[in-house]
Amino acid sequence: QVQLVESGGGLVQPGGSLRLSCAASGSFVSINAMGWYREAPGKHREPVATITSSGSTNYADSVKGRFTISRDNAKNTVFLQMNSLKPEDTAVYYCNGEVRLTRNNLRDLWGQGTQVTVSS
């Protein structure tokens, strides 16, 4: 069974930094695009940043210049470096991956989520 497992969330003061990690485990062929999404209380889940297998990135306007997504393909891991955090960044952050389980089986998988709280 393939799993995406996030880590690195927590409580941080405004202006602080956090680094999220998400590692894929299990048996699969490859991972295409990976990304981070977030869901704040009372709001829909929204994309934060995505990265292709070749390293092309895309960011939500609200995090451009503050967040950086990266990945280590050898370790099947994606990272989200979050700087200059604001209270409005508070949310549960979810990792997403387009995982090729077999040659003809491509699945969209989600991690369990990690809480990020920005508060003084």
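Analyst: Let us begin with R66, which sits in the loop between β6 (57-59) and β7 (67-72), where strands are DSSP runs of E of at least two residues, numbered from the N terminus. This is a predicted model, in which local features need pLDDT of at least 70 and side-chain atom pairs count only at pLDDT 80 or more, while totals for chains, interfaces and linings use all residues. Residues are numbered from 1 along each chain as its sequence is written, and side-chain values use heavy atoms, with hydrogens and water left out.

User: Is R66 buried or exposed?

Analyst: Buried means under 20% relative accessible area, exposed over 50%, and partly exposed in between, with a 1.4 Å probe and protein chains only. R66, with a relative accessible area of 10%, is therefore buried.

User: Which residues is R66 in contact with, leaving aside its neighbours within four places in sequence?

Analyst: Contact means heavy atoms within 4.5 Å; with those neighbours left aside, R66 is in contact with Q81, M82, N83, S84, L85, K86 and D89. For S84, the backbone oxygen lies 2.9 Å from a polar atom of the R66 side chain.

User: Where does V29 lie, and is V29 buried or exposed?

Analyst: V29 belongs to the loop between β3 (18-25) and β4 (30-39), and its relative accessible area of 54% makes it exposed. Not counting residues up to four places away in sequence, V29 touches R100, L101, T102 and R103.

User: How many of the chain's residues count as buried?

Analyst: Of the 120 residues of the chain, 39% count as buried.

How values were computed: Helices (H or I, at least four residues) and strands (E, at least two) are DSSP runs, numbered from the N terminus. A polar contact is a pair of N or O atoms within 3.5 Å; within protein, one must be able to donate a hydrogen and the other to accept it, and residues adjacent in sequence count only if both atoms are side-chain atoms.
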